[in-house]
Amino acid sequence: MITRRALLAAGLGGVIAPAFAQAPQPSYPGLAALAAGKRLIFGTAAASYELHDADFPPLLARESAMLVPEYEMKRHVVEPEPGHYDFSGIDTLMAFARARGMAFRGHPLVWYNANPPWLEEAVSSSRDEKLVTGYVTALASRYRGRMHSLDVVNEALAQPRDGENNSSGLRQSFWLKTFGPSYIDMAFHAARAADPEALLVYNDYGCEPGDTAGDALRANCLKLLDGMLARGVPVQALGMQGHLSAFGPKVDQAKLRNFLSEIAARKLALLVTELDVDDEGGAWDVGTRDRAVADEAARFLDVMLDSPNLQAVLTWGLSDRYADPPDSLRLKMMGWRDRKFPYDSGLAAKPLRAALAKAFSGQRPA
Ligand code: XIL
C-alpha cells in the first residue's frame, strides 16, 4: 500500500494534499432526497456548536432538508431576563439552513420546561396574558415568513405513564395553575397573528404504545384537539415527537393506525418531530442494540408513512456524537453511550439510517 507518509517522503505530499482535503462524497442518495421522492421532508434537530466540527456540517447538509433548534429556542436560552432576548443561537442555525436551502422549524414557544427562573415566579403571582403571548409574538414575528412550522405549545398533556392523571387530561404545569387551559388558546392566537404562514403545531409524546397509559393519552390528545378546533383555535397539525424505546413500551401499530386516522379525519397535518430510539435497558453488545433501535423505528415509520397527511420526519439529532448522557446514573458511571440516532459518534451510518432510507423508499398513499 502507498501510504501518505511514503508519498511525503518521495516529495509528492504537496501534489496529493488537495485530494486528501476533499471529503469523498458518498454515491448513495441522502435521506433528504429519498424523503423528497415520497413528498416528505426529512430533517433533524441541531445545535450551533455542532456546526464547528469540520466533518459534521457536510453530513448534516446532505442528509437533512430541515433544521430545528435542539435547545437554542428554549425560553431560558432566549429570554434569560424579562424582555431581554438573545436570538444568536437561532440566527446561526437559521443562517446555516438558509444558505443550504434547508427549511426551518420553531420549537418550542410555550413549554412547562426549560424556562428562565423569573418566568415561573412571575406567572405564580400574575395573570398577565403577556407572560404567555409575549414570547410567542417575539419569536413568531422575528422569523415571520421563514418558518415552515412552529411548535406553539409543547407537552401540555398529562403523562399517565409518569403517574399523572386528572380529569382535564392536562399536565399540572405552572401555566395551567395560573391560566387554566386557556393558555393554550392564547398561544395559538398570538402565533397566528404574528405569522400568518407558518404551520401551527401542537407537539407531544407518548401516543404510540398500546398500554393503558397510551390509551389515555390518545383519548386526551383527541379531546384537546377537538376542543381547540371547536373554539376556532388555529391549530393546524399534530407533532408526534416519536421518542421510542427499543427495550421499553413498544409501538402498537394497530392502535397507532387508528389514532392517525382520527387525526386525518380532523383535517390536521401530521409531523414526526423528534424521532429517536432509547436503547437503555438493552445489551452492551452494540450490534444487538443497533438492530433493536432500527427495528422499532421501522415499525413506527411503517404506520406513520401510511398516513397521507404526514408532511415531515425529523430525528432529534443525526449523530450519537452529540447525544446527551444516559438518564440512568448507573449507566452513566459505567460509561454507557446511548445509540439513538442514525449515525454513530464517528459519523458511520447505523442500521437506523438504513431503516429510515428503506421507509422513504417504500410506497406512500397519494
Ligand atoms: C431536550 C434537549 O434535547 C435537551 O438538550 C435540553 O436540555 C432539554 O430539552 N421533548 C422536547 C424537546 O420537546 O425539546 C426536548 O429536548 C426533549 C423532549
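Modeller: Let me start with a term: buried means under 20% relative accessible area, exposed means over 50%, and partly exposed is in between, all with a 1.4 Å probe and protein chains only. A salt bridge is a side-chain nitrogen of Lys or Arg within 4 Å of a carboxyl oxygen of Asp or Glu, and for charge Lys and Arg count as positive and Asp and Glu as negative, while His and the chain ends are not counted. This is a predicted model, in which local features need pLDDT of at least 70 and side-chain atom pairs count only at pLDDT 80 or more, whereas totals for chains, interfaces and linings use all residues. Residues are numbered from 1 along each chain as its sequence is written, and side-chain values use heavy atoms, with hydrogens and water left out.

Biologist: What about the ligand, which residues are around it?

Modeller: Among the residues around the ligand, meaning those with a heavy atom within 4 Å of it, are Glu70, Lys74, His107, Trp111 and Trp316. An N or O atom in the side chain of lysine 74 is 2.7 Å from an oxygen atom of the ligand, and a polar side-chain atom of glutamate 70 lies 2.4 Å from a ligand oxygen atom. The protein covers 72% of the 410 Å² of accessible area that the ligand has on its own, with areas from the Shrake-Rupley method and a 1.4 Å probe.

Biologist: Switching topic, how many salt bridges does the structure hold?

Modeller: It holds 20 salt bridges. In one of them the side chains of lysine 340 and aspartate 276 meet at 3.9 Å, N to O, and this pair links distant parts of the chain, with lysine 340 in the loop between helix 14 and helix 15 and aspartate 276 in strand 8, 64 residues apart.

Biologist: Are those two buried or exposed?

Modeller: Both lysine 340 and aspartate 276 are buried. Lysine 340 also meets aspartate 338 in a salt bridge (4.0 Å, N to O), and aspartate 338 is buried, with a relative accessible area of 4%.

Biologist: Which residue does aspartate 320 meet in a salt bridge?

Modeller: Aspartate 320 meets lysine 350, at 2.6 Å from N to O. Aspartate 320 lies in the loop between strand 9 (310-315) and helix 14, and lysine 350 in the loop between helix 14 and helix 15, so the pair ties together parts 30 residues apart in sequence.

Biologist: Last one, where is lysine 267?

Modeller: Lysine 267 is in the loop between helix 12 (253-265) and strand 8 (269-278). Its phi is positive, about 60°, although lysine 267 is not a glycine, and at 73% relative accessibility lysine 267 counts as exposed.

Definitions and conventions. Helix = DSSP H or I, 4+ residues; strand = E, 2+ residues; numbered from the N terminus. Polar contact = N/O pair within 3.5 Å; in protein donor to acceptor, adjacent residues only side chain to side chain.
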